Amino acid sequence: MDILTNPYLNVIFNALISGGAFLCFVLAISTLAFKHPRRSSSYLTLLCFVMGVTQLYAWLNLNTIFFSPQWTNYIFVGINFFIGPGVYYFYKATGDENFNPTRKVQWTFAPGIAATLLIPLINLVAPQAMPTDPRQFFYTGKPSFIDIIFTIAMLHNAGYYVKLFLVTRPIIKSNPEMQKNGGLTAFLLFFGIISFINLYGIFAYVSRDIRHFYADSCIITLLIVSFLIFALRYPHYFLKIRPE
């Protein structure tokens with residue numbers, strides 16, 4: 001089903017997705033203004049920016065706005081690899097006061113960098129392999145290498161979410177301050193939502209119903225709004241102003 005044939009869904013999806021993109025970019029810029037940021041702030045900035053780009057491209061696809069060369073329509077695919085490690089180390093840096101990013105941590109973002117560089121390279125070498133419409137798979141059922149890379153990105157992120165629950169949950173649970181102020185509850189809530197978003201994205205591909213793809217983007221908007229509310233309610237976790 002083409003979402004553009006349903007005016008009601010079109011209006012709802014346009015409002016939520018564009019609003020989510022705007023909020024993500026505003027939050028990303030706001031985190032850069034922290035006078036004394038937490039160690040976790042760099043991961044927060046990265047996540048807000050990546051989700052903003054993802055939302056922006058979902059809105060462009062919804063409104064059939066495409067660019068040339070073709071690879072510019074797929075910037076969101078490569079940077080999606082940043083979400084899994086970004087979420088994992090954001091929570092680890094928040095819950096573990098002794099956390100210090102090492103070179104090994106930096107290498108976890110290498111797949112995202114590689115995928116982001118690979119896509120324009122393939123477009124340069126074999127432009128015929130690059131679909132002009134990013135929604136091709138949903139309408140024809142024929143996956144391109146872009147769809148394969150995006151699916152790998154979602155599975156890659158899912159692996160980090162499992163690791164996040166197994167490794168970071170005990171760290172946050174053992175943190176007396178976060179235990180007292182509801183940090184563990186918030187962690188479990190956000191973990192559940194972001195895991196659902198990832199699984200729902202995979203379901204959208206399996207079902208080949210593009211409505212689920214846009215609905216997934218709307219859920220990201222709700223996640224960003226809930227995150228903003230939580231950050232204002234518990235500023236000592238994410239908006240800490242004293243130096244560490």
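## Close-up views of a predicted all-helix model

Figure 1. Asp209 has a relative accessibility of 14%, and because buried means under 20%, Asp209 counts as buried. The model shown here and in the other views is a predicted one. Asp209 forms a salt bridge with Arg211, and the closest N and O atoms of this pair are 2.6 Å apart. Arg211, for its part, is partly exposed, with a relative accessible area of 32%. Side chains of opposite charge can pair when their charged atoms come close.

**Figure 2. A salt bridge links Arg135 and Asp133.** A search of the whole structure finds 2 salt bridges, and the one in this view joins Arg135 to Asp133, with 3.1 Å between the closest N and O atoms. Arg135 counts as buried, since its relative accessibility is 8%, whereas Asp133, at 21%, counts as partly exposed.

Figure 3. Of its 244 residues, 48% count as buried. The chain exposes about 12100 Å², and carbon and sulfur atoms supply 70% of that area. Among the contacts with a separation of 6 or more, 76% are accounted for by residues 24 or more positions apart.

**Figure 4. Tyr43 is one of the residues with the most contacts inside the largest nonpolar core.** This core has 64 residues, and those with the most contacts inside it are Tyr43, Val77 and Val87. Helix H2 (residues 41-62) gives the largest share of the core, 11 residues. Leaving aside its neighbours within four places in sequence, Tyr43 is in contact with Gly86, Tyr89, Phe90 and Ala93, and also with Phe99, Pro101, Val105 and Phe109.

Figure 5. Asn80 sits in the loop between helix H3 (75-79) and helix H4 (83-95). The side chain of Asn80 reaches the backbone oxygen of Phe76 at 2.5 Å. When its neighbours within four places in sequence are left aside, the residues in contact with Asn80 are Thr54, Phe150, Ala153 and Asn157.

**Figure 6. Helix H6 has a span close to the expected one.** Helix H6 (residues 110-125) has 16 residues, and from its first C-alpha to its last it reaches 22 Å, which is close to the 22 Å expected at 1.5 Å a residue. Which residues of H6 are buried? They are Gly112, Ala115, Ile119 and Asn123. As background for reading this list, an α-helix has 3.6 residues a turn, so residues three or four places apart point the same way.

Figure 7. Val225 lies in helix H11 (residues 210-233), and with a relative accessible area of 32% it is partly exposed.

**Figure 8. The loop between H2 and H3 holds Thr64 and Pro69.** Most residues other than glycine have a negative phi, and most peptide bonds are trans. Thr64, which is found in the loop between H2 and H3, has a positive phi of about 50° although it is not a glycine. At 36% relative accessibility, Thr64 counts as partly exposed. Pro69 also has its place in the loop between H2 and H3, and a cis peptide bond, with omega about 0°, joins Ser68 and Pro69.

**Figure 9. Arg208 has a positive phi in the loop between H10 and H11.** Arg208 lies in the loop that runs between helix H10 (183-207) and H11. Its phi is positive, about 55°, although Arg208 is not a glycine. The relative accessible area of Arg208 is 36%, and the residue is therefore partly exposed.

How values were computed
Residues are numbered from 1 along each chain as its sequence is written. This is a predicted model: local features need pLDDT of at least 70, side-chain atom pairs count only at pLDDT 80 or more; totals for chains, interfaces and linings use all residues. Side-chain values use heavy atoms; hydrogens and water are left out. Helices (H or I, at least four residues) and strands (E, at least two) are DSSP runs, numbered from the N terminus. A polar contact is a pair of N or O atoms within 3.5 Å; within protein, one must be able to donate a hydrogen and the other to accept it, and residues adjacent in sequence count only if both atoms are side-chain atoms. Contact means heavy atoms within 4.5 Å. The expected span of a helix is 1.5 Å times one less than its number of residues. Buried means under 20% relative accessible area, exposed over 50%, partly exposed in between (1.4 Å probe, protein chains only). Accessible areas come from the Shrake-Rupley method with a 1.4 Å probe; for residues, only the protein chains shown count as cover. A salt bridge is a side-chain nitrogen of Lys or Arg within 4 Å of a carboxyl oxygen of Asp or Glu. A nonpolar core is a set of buried Ala, Val, Leu, Ile, Met, Phe, Trp, Tyr and Cys residues joined through side-chain atoms within 4.5 Å.
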